Amino acid sequence: MVNPVGMSSDHVQPAERPTGAAAPPSSRARDSTSPARGGEPMAGDSRPPVRAEPSAGAAVPSAGAGVPSAGAGVPSAGAGVPSAEAAVPPAGAGVPPAGVAVASAGAGVPAAGAARPPGGVGVPPGGAGVPLERAQTFPAGAETPFLELLARGASADAYEQPELLARAEGRPAEWIAALAHAKPLALRVRAELEGRRRREAELSALFETAHDLAGLRDLDAVLQAIVQRARSLLGTDVAYLSLNDPERGDTYMRVTEGSVAARFQQLRLGMGEGLGGLVAQTARPYVTDDYFKDDRFQHTLTIDAGVRDEGLVAILGVPLSLGHHVIGVLFAADRRARVFEREQIALLGSFAALAAAAIDTANLLAETRSALAGLERANEIIRDRSGVIERASDVHDRLAELVLRGGGVHDVAAAVSEILDGTVEFTEAAAAPARPVEASRAEGHAVRHEDDWIAAVAAGGELLGALVLHGQPGLDPVDQRTLERAAMVTSLLLLARRSAADAEQRVRGELLDDLLDARDRDPRLLRERAARLDADLDAVHVVLAARLEDAAAEVPGDAEQEADARRRLAAAASHLAATRHGLAAARDGGTVLLLPLGPGDTATAVARRAARHLGTAVHAPVTVGASAPAAELAARPDAVAAAYAEAGRCLDALRLLGRRGDGAAAEDFGFLGLLLAGDRDVPGFVDRTIGQVVDYDRRRGTELLRTLDAYFASGMSPARTKDALHVHVNTVAQRLERVGRLLGADWQSPARALEIQLALRLHRLSAPERP
């Protein structure tokens, strides 16, 4: 997984081993004469050090200590070699002369196979502490000051001191060259360690953020946590979050952290205004290191005044997106000029993605709580009234049981029918009598209509349908209240079912959008997401492009009716996809479906069934174009997009040909299918058109194809055909009669003749006859 700062975990490369250095052996014994140092490498070890603090009391050489001085004596045989942290003898006491970095053979150096000092310093056989080639180029111990700096976590400036001290003390050129070689390696190790620590801290903060957000249940608390964490992660002066207001068509400041200006906290931005408008409009992060000098976005007096009051200079904004829809912008800002690094922008973007998901979750939770609260209120009403008479108590118990066990609208109608000793039906709003239903919704009570009683099923001003009690003109007040309560419970069930359907439709649409747009998705993750929706992406599927041919959907000026028509089509398509183990999504003013192809089924049959089903569901003609069958959709990134393009061309062809409300695939358009199909299936067209004739010639050794070629080349004249083939005219007639039995009686009609001639030419081009 790529971490939020945009760098892989294997970015840090190990330090290079000097040329000629011996590779350390696999076993690492610790020298008992050298004090342990928390995993720090010993002098001479070129591997990256492990971050550790010096142990208490460990001797650390002072400036210039531990460095061999010119003219110092060579240690005698058997003298111990001090480790990186061992105490250093006084200047001139047993220190090798300048340029001598290795003790003589056998001088305190373990023989081959003996235990080595800590830190991983390799000791080759023969008694020499360091290979001869390395000893001549880099004196031993030159890297020790840098290892100590790494262990202390010193700043980058401190790494200049060892070389400066060596020059000041007049050390040999070999020693200074070794220090100059070791310094960039040590700085590289330090930079990599700092980068790892920084990325570890960022990932830890991001994971803590996800954990905190997952535990929140209140939207205000979610938004406050988002802004606080954003400010903490980037270390900015101010962080704030703006959300879109669909009702007013602008954005408003929902939460701020670190802000001191009241006018800034109350800002409302029009769509496309300011840096936030640019972020929301493009759905991409934008950063400015000087807000007032940046002319990439639209400045307004109101926004600039608020930003000036707050004293902001550098601002970073990232979108809060749900799918392709931007719901707000998350900002981090400083009151001084500042350049935001790419890693910081990516980190805030990752956090914004978590924030958007948390906001969506909180909104869904609020909706669920509202629906549950409504259900509880209905139960309380039933419970209060149930104490009046035993019959009302029975209604409450039975309706509550239906709801708790997941019963549907028709279950409620059946239960009320039994209680009222009549027939209760749920009727859609369009099918119910308009005037009694409107009266019932306005009054909030059941109303009589001829010999029936009607109770409107509504929620929040929206009419969902009606409960109709047949054959009970003399309904008493108690039974009337029973019918009204049943209508209330029905509305709650419909709302709950709609919420569940909307959630499933959104999930199915997101997966299909990913298949159409995000072609670099992991196939394994796509299969897992499809499996959770009871869909199998490895099966053979057909992509359908559907469009509603309703008059309301074709009126450009009536945006509300057009949106309502598209919603009805999307809902019907989602239901069809759920029942057929497929996927559906709204796209390009219509709907796209991905449906599995059953055994013995064809793309044409699937398209026509879908057109009939969707047209019946929305009570308007629906035109459906189908692609050719496609398989292994998760493993082939372009398969779904190409199939959707082919289905769209078939849909356009149907509408141009006046076949609105019908369904078809490319194979239904004859040779036009070659132009509509995404893969130009020439062999398939030839096989569908003259395949039986080709098979007959292959099996019988006849020349029906050659006769057909000559027949059309001779202007469909048998007399001229027999001259071209040098056969009798009766032979030509017999062959053409055989062709008619194979291709059908209408094979010489203009349309069929055109397709047959095209198929003959394509067959001749793809498989020319041998002389």
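Aromatic pairs and their labels

Analyst: Tyr240, Phe264 and Phe331 form one aromatic cluster, where rings of Phe, Tyr and Trp (its six-membered ring) pair if their centres lie within 6.5 Å, and planes under 30 degrees apart count as stacked, over 60 as edge-to-face and the rest as tilted. This is a predicted model, in which local features need pLDDT of at least 70 and side-chain atom pairs count only at pLDDT 80 or more, while totals for chains, interfaces and linings use all residues. Residues are numbered from 1 along each chain as its sequence is written, and side-chain values use heavy atoms, with hydrogens and water left out.

User: How many aromatic pairs does a search of the whole structure find, and why is the pair of Phe146 and Tyr159 called stacked?

Analyst: The search finds 8 aromatic pairs. The ring centres of Phe146 and Tyr159 are 6.2 Å apart and the planes stand at 15°, so the pair is stacked. Because Phe146 lies in helix 2 and Tyr159 in the loop between helix 2 and helix 3, the pair ties together parts that are 13 residues apart in sequence. Helices (H or I, at least four residues) and strands (E, at least two) are DSSP runs, numbered from the N terminus.

User: What makes the pair of Tyr711 and Trp747 tilted, and which parts does the pair tie together?

Analyst: Tyr711 and Trp747 are 5.9 Å apart centre to centre with 45° between the planes, and the pair is tilted. Tyr711 belongs to helix 20 and Trp747 to the loop between helix 22 and helix 23 (750–766), so the pair joins parts that are 36 residues apart in sequence. Both Tyr711 and Trp747 are buried, a word that stands for under 20% relative accessible area, with exposed meaning over 50% and partly exposed in between (1.4 Å probe, protein chains only).

User: How do you know whether helix 20 and helix 22 are roughly parallel or roughly perpendicular?

Analyst: Helix 20 (residues 704–713) and helix 22 (residues 729–743) pack at an angle of about 105°, with their axes 10 Å apart; axes are lines fitted to C-alpha atoms, for helices over the stretch in contact, and angles run from 0 to 180 degrees between N-to-C directions. Angles under 35 degrees count as roughly parallel, over 145 as roughly antiparallel, 65 to 115 as roughly perpendicular and the rest as oblique, and helix 20 and helix 22 are therefore roughly perpendicular to each other.

User: Why is Glu632 called partly exposed, and what is said of its phi?

Analyst: Glu632 has a relative accessible area of 45%, so the residue is partly exposed. Glu632 lies in the loop between strand 14 (622–626) and helix 17 (639–656), and has a positive phi of about 50° although it is not a glycine. Most residues other than glycine have a negative phi.

User: Is His726 buried or exposed, and where is His726 placed?

Analyst: His726 is exposed, because its relative accessible area is 71%. The residue sits in the loop between helix 21 (718–725) and helix 22, and His726 has a positive phi of about 60° although it is not a glycine.

User: Why is Ser155 called partly exposed?

Analyst: Ser155 has a relative accessible area of 42%, so Ser155 is partly exposed. Ser155 is found in the loop between helix 2 (144–152) and helix 3 (161–168).
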